[in-house]
Amino acid sequence: MSNPHDMSTKSTAARLAAAQVKAEALTEALPWIKTFAGATIVIKYGGNAMISPELQQSFADDIAFLRFAGIRPVVVHGGGPQITKMLARLGIESEFKAGQRVTSVEAAEVIRMVLSGQVNRDIVSRINRNGNAAIGLSGEDADLLLANKTHAEVDGEVIDLGRVGEIAEVNTTVLTELLDAGRVPVICSIASEIGGEAGQPLNINADLAASAVAKALKANKLIMLTDVPGLYANWPDTSSLISRIGPKKLRELLPSLDAGMIPKMTAALEAIEHGVQQAHIIDGRMAHSLLLEVFTSEGIGTMVENGVVEPAPLGDGHKGEAHEATQHDATQSDATQEEKNDE
(Lines give C-alpha, C1' and ligand atoms only; values in the text may rest on other atoms or scores of the structure.)
Protein backbone atom coordinates (compact mmCIF):
# COMPACT_ATOMS: atom_id res chain seq x y z
CA MET A 1 0.00 0.00 0.00
CA SER A 2 1.41 3.40 -0.96
CA ASN A 3 2.32 5.98 1.64
CA PRO A 4 -0.01 9.07 1.55
CA HIS A 5 2.94 11.23 2.54
CA ASP A 6 4.93 10.01 -0.48
CA MET A 7 2.00 10.82 -2.79
CA SER A 8 1.84 14.32 -1.33
CA THR A 9 5.57 14.77 -1.86
CA LYS A 10 5.35 13.60 -5.48
CA SER A 11 2.40 15.90 -6.08
CA THR A 12 4.34 18.85 -4.67
CA ALA A 13 7.36 17.99 -6.81
CA ALA A 14 5.18 17.77 -9.92
CA ARG A 15 3.63 21.13 -9.15
CA LEU A 16 7.06 22.69 -8.68
CA ALA A 17 8.29 21.19 -11.94
CA ALA A 18 5.28 22.59 -13.79
CA ALA A 19 5.84 25.99 -12.19
CA GLN A 20 9.51 25.87 -13.25
CA VAL A 21 8.48 25.27 -16.88
CA LYS A 22 6.15 28.28 -16.72
CA ALA A 23 8.90 30.43 -15.20
CA GLU A 24 11.30 29.43 -17.98
CA ALA A 25 8.69 30.32 -20.60
CA LEU A 26 8.19 33.74 -19.03
CA THR A 27 11.95 34.28 -18.89
CA GLU A 28 12.29 33.41 -22.58
CA ALA A 29 9.51 35.88 -23.40
CA LEU A 30 11.12 38.75 -21.49
CA PRO A 31 13.55 39.94 -24.24
CA TRP A 32 10.72 39.91 -26.76
CA ILE A 33 8.43 41.83 -24.42
CA LYS A 34 11.17 44.46 -24.05
CA THR A 35 11.75 44.52 -27.81
CA PHE A 36 8.13 45.03 -28.81
CA ALA A 37 6.94 47.24 -25.95
CA GLY A 38 5.07 50.12 -27.58
CA ALA A 39 5.00 48.39 -30.99
CA THR A 40 1.86 48.41 -33.12
CA ILE A 41 0.88 44.94 -34.29
CA VAL A 42 -2.02 44.34 -36.68
CA ILE A 43 -3.55 40.87 -36.36
CA LYS A 44 -5.83 39.37 -38.96
CA TYR A 45 -8.25 36.87 -37.41
CA GLY A 46 -10.50 34.51 -39.33
CA GLY A 47 -11.06 31.05 -40.74
CA ASN A 48 -11.34 27.91 -38.62
CA ALA A 49 -9.60 29.66 -35.72
CA MET A 50 -13.04 31.22 -35.14
CA ILE A 51 -15.02 27.98 -34.96
CA SER A 52 -14.02 26.42 -31.64
CA PRO A 53 -15.05 28.30 -28.47
CA GLU A 54 -11.75 27.22 -26.90
CA LEU A 55 -9.73 28.67 -29.77
CA GLN A 56 -11.85 31.83 -29.75
CA GLN A 57 -11.07 32.44 -26.10
CA SER A 58 -7.41 31.48 -26.58
CA PHE A 59 -7.12 34.16 -29.26
CA ALA A 60 -8.90 36.74 -27.11
CA ASP A 61 -6.61 35.96 -24.18
CA ASP A 62 -3.56 36.37 -26.44
CA ILE A 63 -4.76 39.81 -27.53
CA ALA A 64 -5.28 40.84 -23.91
CA PHE A 65 -1.80 39.53 -23.05
CA LEU A 66 -0.25 41.62 -25.84
CA ARG A 67 -1.96 44.73 -24.48
CA PHE A 68 -0.84 44.09 -20.91
CA ALA A 69 2.71 43.50 -22.24
CA GLY A 70 2.74 47.07 -23.56
CA ILE A 71 2.00 46.22 -27.20
CA ARG A 72 -0.63 48.08 -29.24
CA PRO A 73 -2.70 45.36 -30.98
CA VAL A 74 -5.24 46.06 -33.72
CA VAL A 75 -7.52 43.20 -34.75
CA VAL A 76 -8.97 42.99 -38.27
CA HIS A 77 -11.32 40.08 -38.73
CA GLY A 78 -13.34 38.23 -41.31
CA GLY A 79 -15.85 35.49 -40.69
CA GLY A 80 -15.89 33.18 -43.69
CA PRO A 81 -17.33 30.10 -41.94
CA GLN A 82 -20.08 32.11 -40.23
CA ILE A 83 -20.93 33.93 -43.47
CA THR A 84 -21.12 30.70 -45.45
CA LYS A 85 -23.38 29.15 -42.83
CA MET A 86 -25.77 32.12 -42.81
CA LEU A 87 -25.87 32.37 -46.61
CA ALA A 88 -26.69 28.66 -46.83
CA ARG A 89 -29.45 29.09 -44.24
CA LEU A 90 -30.93 31.87 -46.36
CA GLY A 91 -30.58 29.91 -49.59
CA ILE A 92 -27.91 32.17 -51.08
CA GLU A 93 -25.18 30.31 -52.97
CA SER A 94 -21.53 30.87 -52.04
CA GLU A 95 -19.10 31.12 -54.94
CA PHE A 96 -15.35 31.78 -54.85
CA LYS A 97 -13.16 33.02 -57.66
CA ALA A 98 -9.44 33.80 -57.41
CA GLY A 99 -9.67 33.11 -53.67
CA GLN A 100 -12.37 35.75 -53.09
CA ARG A 101 -16.09 35.46 -52.44
CA VAL A 102 -18.34 36.64 -55.26
CA THR A 103 -20.71 39.03 -53.46
CA SER A 104 -24.16 40.03 -54.72
CA VAL A 105 -26.02 43.01 -53.24
CA GLU A 106 -28.10 40.56 -51.23
CA ALA A 107 -25.02 38.68 -50.00
CA ALA A 108 -23.32 41.96 -49.03
CA GLU A 109 -26.23 42.76 -46.69
CA VAL A 110 -25.89 39.35 -45.04
CA ILE A 111 -22.11 39.72 -44.74
CA ARG A 112 -22.52 43.10 -43.04
CA MET A 113 -25.06 41.63 -40.60
CA VAL A 114 -22.88 38.62 -39.74
CA LEU A 115 -19.56 40.46 -39.43
CA SER A 116 -20.74 43.59 -37.66
CA GLY A 117 -23.63 42.24 -35.65
CA GLN A 118 -22.41 38.78 -34.68
CA VAL A 119 -18.72 38.05 -35.15
CA ASN A 120 -17.41 41.46 -34.09
CA ARG A 121 -19.56 41.48 -30.96
CA ASP A 122 -18.32 38.04 -29.96
CA ILE A 123 -14.62 38.91 -30.38
CA VAL A 124 -15.00 42.13 -28.40
CA SER A 125 -16.84 40.44 -25.54
CA ARG A 126 -14.23 37.70 -25.29
CA ILE A 127 -11.28 40.13 -25.21
CA ASN A 128 -13.11 42.18 -22.59
CA ARG A 129 -13.25 39.23 -20.23
CA ASN A 130 -9.71 40.42 -19.39
CA GLY A 131 -10.63 44.09 -19.05
CA ASN A 132 -12.64 46.66 -20.95
CA ALA A 133 -10.13 47.66 -23.64
CA ALA A 134 -11.67 46.23 -26.82
CA ILE A 135 -13.76 48.51 -29.06
CA GLY A 136 -15.76 47.01 -31.91
CA LEU A 137 -15.70 48.86 -35.23
CA SER A 138 -17.08 48.37 -38.71
CA GLY A 139 -15.03 49.61 -41.62
CA GLU A 140 -18.01 51.91 -42.27
CA ASP A 141 -17.66 53.66 -38.89
CA ALA A 142 -16.13 57.16 -39.19
CA ASP A 143 -15.14 56.26 -42.76
CA LEU A 144 -12.53 53.97 -41.22
CA LEU A 145 -12.16 51.95 -44.43
CA LEU A 146 -12.96 53.53 -47.79
CA ALA A 147 -12.81 51.34 -50.88
CA ASN A 148 -13.43 51.09 -54.60
CA LYS A 149 -15.05 48.15 -56.37
CA THR A 150 -12.52 45.67 -57.67
CA HIS A 151 -12.39 42.64 -59.92
CA ALA A 152 -10.29 39.52 -60.31
CA GLU A 153 -8.40 38.12 -63.26
CA VAL A 154 -8.32 34.39 -63.93
CA ASP A 155 -6.37 33.05 -66.90
CA GLY A 156 -6.49 36.45 -68.54
CA GLU A 157 -10.25 36.80 -68.07
CA VAL A 158 -11.61 39.68 -65.99
CA ILE A 159 -14.06 38.39 -63.36
CA ASP A 160 -16.78 40.58 -61.83
CA LEU A 161 -16.82 39.87 -58.09
CA GLY A 162 -19.90 41.99 -57.40
CA ARG A 163 -19.86 44.00 -54.16
CA VAL A 164 -16.18 43.32 -53.46
CA GLY A 165 -13.79 46.19 -52.84
CA GLU A 166 -10.16 47.16 -52.56
CA ILE A 167 -9.27 49.62 -49.80
CA ALA A 168 -8.13 53.04 -50.98
CA GLU A 169 -8.05 54.94 -47.67
CA VAL A 170 -7.72 54.12 -43.96
CA ASN A 171 -8.74 56.67 -41.33
CA THR A 172 -5.70 56.31 -39.08
CA THR A 173 -6.76 59.25 -36.88
CA VAL A 174 -9.55 57.17 -35.33
CA LEU A 175 -7.25 54.19 -34.76
CA THR A 176 -4.40 56.25 -33.32
CA GLU A 177 -6.74 57.96 -30.87
CA LEU A 178 -8.03 54.59 -29.66
CA LEU A 179 -4.54 53.09 -29.40
CA ASP A 180 -3.22 56.12 -27.52
CA ALA A 181 -6.11 55.69 -25.07
CA GLY A 182 -5.06 52.09 -24.42
CA ARG A 183 -7.92 50.57 -26.43
CA VAL A 184 -7.86 47.54 -28.74
CA PRO A 185 -9.65 48.33 -32.02
CA VAL A 186 -11.49 45.29 -33.43
CA ILE A 187 -12.41 45.98 -37.07
CA CYS A 188 -14.68 43.92 -39.30
CA SER A 189 -13.69 43.85 -42.95
CA ILE A 190 -16.47 45.73 -44.70
CA ALA A 191 -16.04 49.21 -46.16
CA SER A 192 -17.91 52.17 -47.55
CA GLU A 193 -17.62 52.65 -51.31
CA ILE A 194 -16.05 55.92 -52.39
CA GLY A 195 -18.77 57.81 -54.24
CA GLY A 196 -21.18 54.92 -53.67
CA GLU A 197 -24.71 54.84 -52.31
CA ALA A 198 -25.42 54.88 -48.59
CA GLY A 199 -26.20 51.46 -47.19
CA GLN A 200 -24.34 49.63 -49.97
CA PRO A 201 -21.16 48.30 -48.31
CA LEU A 202 -18.29 46.56 -50.04
CA ASN A 203 -17.04 43.18 -48.88
CA ILE A 204 -13.26 43.28 -48.29
CA ASN A 205 -10.96 40.29 -48.09
CA ALA A 206 -9.83 40.33 -44.46
CA ASP A 207 -6.19 39.55 -45.31
CA LEU A 208 -6.02 42.53 -47.66
CA ALA A 209 -7.92 44.73 -45.19
CA ALA A 210 -5.44 43.88 -42.43
CA SER A 211 -2.55 44.64 -44.77
CA ALA A 212 -4.06 48.02 -45.66
CA VAL A 213 -4.48 48.90 -41.97
CA ALA A 214 -0.92 47.77 -41.18
CA LYS A 215 0.49 49.85 -44.05
CA ALA A 216 -1.49 52.94 -43.03
CA LEU A 217 -0.41 52.66 -39.39
CA LYS A 218 3.19 51.83 -40.36
CA ALA A 219 2.86 48.86 -38.03
CA ASN A 220 5.84 46.94 -36.70
CA LYS A 221 4.18 43.63 -37.54
CA LEU A 222 1.30 42.16 -39.52
CA ILE A 223 0.25 38.72 -38.28
CA MET A 224 -2.32 36.68 -40.20
CA LEU A 225 -3.95 33.66 -38.57
CA THR A 226 -4.78 31.05 -41.19
CA ASP A 227 -5.93 27.43 -41.50
CA VAL A 228 -2.47 26.10 -42.40
CA PRO A 229 0.90 26.07 -40.55
CA GLY A 230 2.40 28.59 -42.99
CA LEU A 231 3.79 28.82 -46.51
CA TYR A 232 5.10 25.67 -48.19
CA ALA A 233 7.83 25.79 -50.83
CA ASN A 234 6.54 22.62 -52.50
CA TRP A 235 2.97 21.91 -51.46
CA PRO A 236 1.73 19.23 -50.67
CA ASP A 237 5.16 18.30 -49.28
CA THR A 238 4.56 19.20 -45.63
CA SER A 239 8.29 19.06 -44.89
CA SER A 240 8.82 22.09 -47.14
CA LEU A 241 7.33 24.59 -44.68
CA ILE A 242 9.22 27.89 -44.92
CA SER A 243 10.24 29.62 -41.69
CA ARG A 244 11.60 32.88 -43.20
CA ILE A 245 11.35 34.31 -46.70
CA GLY A 246 12.16 37.63 -48.38
CA PRO A 247 9.79 39.60 -50.63
CA LYS A 248 11.73 38.81 -53.83
CA LYS A 249 11.43 35.04 -53.40
CA LEU A 250 7.83 35.35 -52.26
CA ARG A 251 6.92 37.28 -55.40
CA GLU A 252 8.46 34.48 -57.48
CA LEU A 253 6.39 31.86 -55.61
CA LEU A 254 3.12 33.79 -55.74
CA PRO A 255 1.78 32.56 -59.14
CA SER A 256 2.24 28.92 -58.11
CA LEU A 257 0.29 29.15 -54.85
CA ASP A 258 -3.13 27.74 -54.09
CA ALA A 259 -5.94 30.22 -54.79
CA GLY A 260 -6.76 30.50 -51.09
CA MET A 261 -3.17 31.40 -50.20
CA ILE A 262 -2.75 34.07 -52.86
CA PRO A 263 -4.66 36.86 -50.99
CA LYS A 264 -2.78 36.07 -47.77
CA MET A 265 0.67 36.12 -49.32
CA THR A 266 -0.20 39.15 -51.46
CA ALA A 267 -1.25 40.94 -48.28
CA ALA A 268 2.04 40.01 -46.59
CA LEU A 269 4.06 41.10 -49.61
CA GLU A 270 2.29 44.45 -49.94
CA ALA A 271 2.73 45.15 -46.23
CA ILE A 272 6.49 44.54 -46.37
CA GLU A 273 6.88 46.61 -49.53
CA HIS A 274 5.10 49.54 -47.85
CA GLY A 275 7.18 49.73 -44.68
CA VAL A 276 5.76 47.11 -42.31
CA GLN A 277 8.81 45.48 -40.76
CA GLN A 278 7.60 41.87 -40.58
CA ALA A 279 4.61 39.90 -41.82
CA HIS A 280 3.74 36.51 -40.32
CA ILE A 281 1.51 33.68 -41.53
CA ILE A 282 0.64 31.36 -38.63
CA ASP A 283 -1.74 28.51 -37.87
CA GLY A 284 -4.75 29.89 -36.00
CA ARG A 285 -5.94 26.36 -35.22
CA MET A 286 -3.20 26.05 -32.60
CA ALA A 287 -4.02 27.48 -29.18
CA HIS A 288 -1.93 30.56 -28.29
CA SER A 289 -0.19 30.51 -31.69
CA LEU A 290 -0.05 34.32 -31.55
CA LEU A 291 2.03 34.34 -28.35
CA LEU A 292 4.28 31.57 -29.65
CA GLU A 293 5.05 33.59 -32.78
CA VAL A 294 5.68 36.90 -31.02
CA PHE A 295 7.41 35.83 -27.82
CA THR A 296 9.65 32.91 -28.83
CA SER A 297 12.83 32.78 -30.93
CA GLU A 298 11.65 29.77 -32.92
CA GLY A 299 8.24 31.08 -33.97
CA ILE A 300 5.73 28.66 -35.46
CA GLY A 301 4.78 29.97 -38.89
CA THR A 302 6.25 31.76 -41.89
CA MET A 303 7.79 35.20 -41.48
CA VAL A 304 8.22 37.54 -44.47
CA GLU A 305 10.98 40.08 -44.00
CA ASN A 306 13.36 42.24 -45.99
CA GLY A 307 16.94 41.04 -45.90
CA VAL A 308 16.16 37.33 -46.22
CA VAL A 309 17.92 36.17 -49.41
CA GLU A 310 17.03 32.47 -49.48
CA PRO A 311 13.95 30.91 -47.85
CA ALA A 312 14.81 29.31 -44.52
CA PRO A 313 13.33 25.86 -43.82
CA LEU A 314 11.21 24.73 -40.89
CA GLY A 315 13.35 24.46 -37.76
CA ASP A 316 15.51 27.45 -38.65
CA GLY A 317 13.36 29.67 -36.48
CA HIS A 318 12.91 33.42 -36.81
CA LYS A 319 16.27 34.50 -35.44
CA GLY A 320 18.54 35.35 -38.36
CA GLU A 321 20.61 38.52 -38.68
CA ALA A 322 17.81 40.30 -40.54
CA HIS A 323 15.42 39.47 -37.70
CA GLU A 324 17.84 40.84 -35.11
CA ALA A 325 18.23 44.03 -37.13
CA THR A 326 14.47 44.48 -37.22
CA GLN A 327 14.32 44.01 -33.45
CA HIS A 328 16.86 46.80 -33.09
CA ASP A 329 14.89 49.04 -35.44
CA ALA A 330 11.72 48.40 -33.43
CA THR A 331 13.50 49.25 -30.19
CA GLN A 332 14.92 52.44 -31.66
CA SER A 333 11.48 53.38 -32.97
CA ASP A 334 9.99 52.84 -29.53
CA ALA A 335 12.64 54.99 -27.96
CA THR A 336 11.69 57.85 -30.29
CA GLN A 337 7.94 57.19 -29.73
CA GLU A 338 7.42 55.50 -32.18
CA GLU A 339 -11.60 28.18 -45.70
CA LYS A 340 -10.12 29.86 -48.89
CA ASN A 341 -11.27 33.31 -48.12
CA ASP A 342 -11.99 34.56 -44.63
CA GLU A 343 -13.65 37.77 -45.81
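This is a predicted model: local features need pLDDT of at least 70, side-chain atom pairs count only at pLDDT 80 or more; totals for chains, interfaces and linings use all residues.
Two strands are said to pair if DSSP finds at least two bridges between them. Strand S9, residues 190-193, and strand S10, residues 202-203, are joined by two bridges and run antiparallel. Within that pairing, Ala 191 has Leu 202 of S10 as its bridge partner.

Let me turn to strand S11, which covers residues 221-226. Which strands pair with S11 in the parallel sense? On one hand there is strand S1, residues 40-45, with four bridges to S11. On the other there is strand S13, residues 278-283, with six bridges to S11. As points of reference in the model, Ile 41 stands opposite Lys 221 of S11, and Ile 223 stands opposite His 280 of S13.

S11 is mostly covered, with six of its six residues buried. In a regular strand, side chains alternate between the two faces of the sheet. For S11, Lys 221, Ile 223 and Leu 225 lie on one side, Leu 222, Met 224 and Thr 226 lie on the other, and all of these are buried.

Leu 222 leads us to the nonpolar cores. In soluble globular proteins, nonpolar side chains tend to be buried together. The largest nonpolar core here has 44 residues, and those with the most contacts inside it are Val 42, Val 213, Leu 222, Leu 231 and Met 265. A second, separate core contains 42 residues, including Ala 39, Ile 41, Ile 43 and Ile 71. What does Leu 222 touch, if residues up to four places away in sequence are not counted? Among its contacts are Val 42, Ala 210, Ala 214, Ala 268, Val 276 and His 280.

Val 154 belongs to strand S6. Is Val 154 buried, exposed or partly exposed, and why? Val 154 counts as partly exposed because its relative accessibility is 31%, between the limits of 20% and 50%. Beyond its neighbours within four places in sequence, Val 154 is in contact with Ala 98 and Ile 159. Val 154 and Ala 98 are 56 residues apart in sequence, yet their C-alpha atoms are 6.6 Å apart in space.

Finally, the backbone. Most residues other than glycine have a negative phi. Lys 218, however, has a positive phi, near 55°. Lys 218 is found in the loop between H6 and S11, and it counts as exposed because its relative accessibility is 61%. His 288 also has a positive phi, near 60°. His 288 sits in the loop between S13 and helix H9 (289-295). With a relative accessible area of 35%, His 288 is partly exposed.

How values were computed
Residues are numbered from 1 along each chain as its sequence is written. Side-chain values use heavy atoms; hydrogens and water are left out. A nonpolar core is a set of buried Ala, Val, Leu, Ile, Met, Phe, Trp, Tyr and Cys residues joined through side-chain atoms within 4.5 Å. Buried means under 20% relative accessible area, exposed over 50%, partly exposed in between (1.4 Å probe, protein chains only). Contact means heavy atoms within 4.5 Å.
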